[in-house]
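Here is a short briefing on one protein structure. Look at the sequence and the model first, then work through the points below.

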Amino acid sequence: MSLAVQSKGKPFLTQLCDTTNQLWGSDRVLRSLMFALITIADTKAINPEWRALASTFRAAISQTRYINRMYGTIDGAEGLLYDKSETSLEAVAKFAVYGLGGIGYHILEHIALILTIIKKCDAEKIPRVKEWLVKKGLWDQADNIDAVAQWLWMMECFGGIYVKYRAQMRNEVAMQKAKADGDKIKMEQLRRERLCNSLDIIKLLADIPLAAHFGTQINGHPGLFNGKTVGLVGLVGSMSQFLSRFKKNA
């Protein structure tokens, strides 16, 4: 029966393409490239020229990700409106995911991106814009605003872990019922769902120290970890998410 279930899945190449398309659309392929480049840039055994190029491309990809994540605010609003909760604690967790993470985090990132782009302009050509931003105390605050956003990302991670934990509990109940009914096809589906939830939790756990690292980069602070550590932890999270999506697309 297990073989019969697997035969109904998508061909490997189709599954891989579907997964890559989804992750590219949600900026996750760029995330993986960014963390790989962070790792290269901070690995002293690598040729200095390659490290310098990696650092430059990392910065470019990081800003591209900001633009790619414009969808996040809308996703957050949709989640707040339509993703209903079974308990009050689950509702709090989902508010952290959709309200703080989906809306708050992305809005702050968008503001930081806009300020970064404006700062690249010749200040002499935008005197009134610069004057207004200086008056509001925003002219040099793009990095600090982005750092604050990371703490909202961390709250999203904690909320997401609890939501996935609740999903695992529901999965276990459904698994027991399917086992009692002798429904092997349903059990196979639930096993895949449980694996995906576990992989998602690994990704969220990996994101927590990253959020803390980037969140402490206020007023030029270098953060908590060296670049190689950040890159490797980021890649662990990216790989977990890729495997989760890959399994979901089976």
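Cys157 is buried, at a relative accessible area of 1%. This is a predicted model. In it, the closest cysteine sulfur to that of Cys157 belongs to Cys196, 18 Å away, which is too far for a bond.

**Cysteines**

- Cys196 also counts as buried, at 2% relative accessibility.
- From the sulfur of Cys196, the closest cysteine sulfur is the one in Cys157, at 18 Å.
- How many disulfides does a search of the whole structure find? The search finds zero.
- A disulfide is a covalent bond between the sulfur atoms of two cysteines.
- The cut-off for a disulfide is 2.5 Å between the sulfur atoms, so the 18 Å between Cys157 and Cys196 is too far for a bond.

**Nonpolar cores**

- The largest nonpolar core has 21 residues.
- Those with the most contacts inside this core are Phe35, Trp153, Leu210, Phe214 and Val230.
- Which elements give two or more residues to this core? They are helix H3 (28-41), helix H4 (48-68), helix H8 (142-181) and helix H9 (184-215).
- Another core, of seven residues, lies apart from the largest one. Among its residues are Ala112, Ile126, Trp139 and Ile145.
- In soluble globular proteins, nonpolar side chains tend to be buried together.
- Leaving out residues up to four places away in sequence, Phe214 touches Phe35, Ala147, Gln150, Trp153 and Val230.

**Aromatic pairs**

- A search of the whole structure finds three aromatic pairs.
- One of them joins Tyr105 and Trp153. This pair is tilted, with 6.3 Å from centre to centre and 35° between the planes.
- The pair links distant parts of the chain. Tyr105 sits in helix H6 (residues 88-119) and Trp153 in helix H8, 48 residues apart.
- Are Tyr105 and Trp153 buried or exposed? Both are buried.
- Phe242 and Phe246 form a stacked pair, 6.0 Å from centre to centre, with 20° between the planes.
- Phe242 and Phe246 are four residues apart in helix H10 (residues 227-248), so about one helical turn separates them.
- An α-helix has 3.6 residues a turn, so residues three or four places apart point the same way.
- Phe242 is partly exposed, at 24% relative accessibility. Phe246 is buried, at a relative accessible area of 15%.
- The cut-off explains the two labels: buried means under 20% relative accessible area.

**Helix H5**

- Helix H5 (residues 71-82) has 12 residues.
- H5 reaches 17 Å from its first C-alpha to its last. That is close to the 16 Å expected at 1.5 Å a residue.
- Which glycines are buried in H5? They are Gly72, Gly76 and Gly79.
- H6 is included in what covers the buried residues of H5.

**Gly227**

- Gly227 is found in helix H10.
- Gly227 is partly exposed, with a relative accessible area of 22%.
- What does Gly227 touch, not counting residues up to four places away in sequence? Gly227 touches Ile38, Thr39 and Asp42.
- Gly227 and Phe35 are 192 residues apart along the chain, yet their C-alpha atoms are separated by 8.9 Å.

How values were computed:
Residues are numbered from 1 along each chain as its sequence is written. This is a predicted model: local features need pLDDT of at least 70, side-chain atom pairs count only at pLDDT 80 or more; totals for chains, interfaces and linings use all residues. Side-chain values use heavy atoms; hydrogens and water are left out. A nonpolar core is a set of buried Ala, Val, Leu, Ile, Met, Phe, Trp, Tyr and Cys residues joined through side-chain atoms within 4.5 Å. Buried means under 20% relative accessible area, exposed over 50%, partly exposed in between (1.4 Å probe, protein chains only). Contact means heavy atoms within 4.5 Å. Rings of Phe, Tyr and Trp (its six-membered ring) pair if their centres lie within 6.5 Å; planes under 30 degrees apart count as stacked, over 60 as edge-to-face and the rest as tilted. The expected span of a helix is 1.5 Å times one less than its number of residues.
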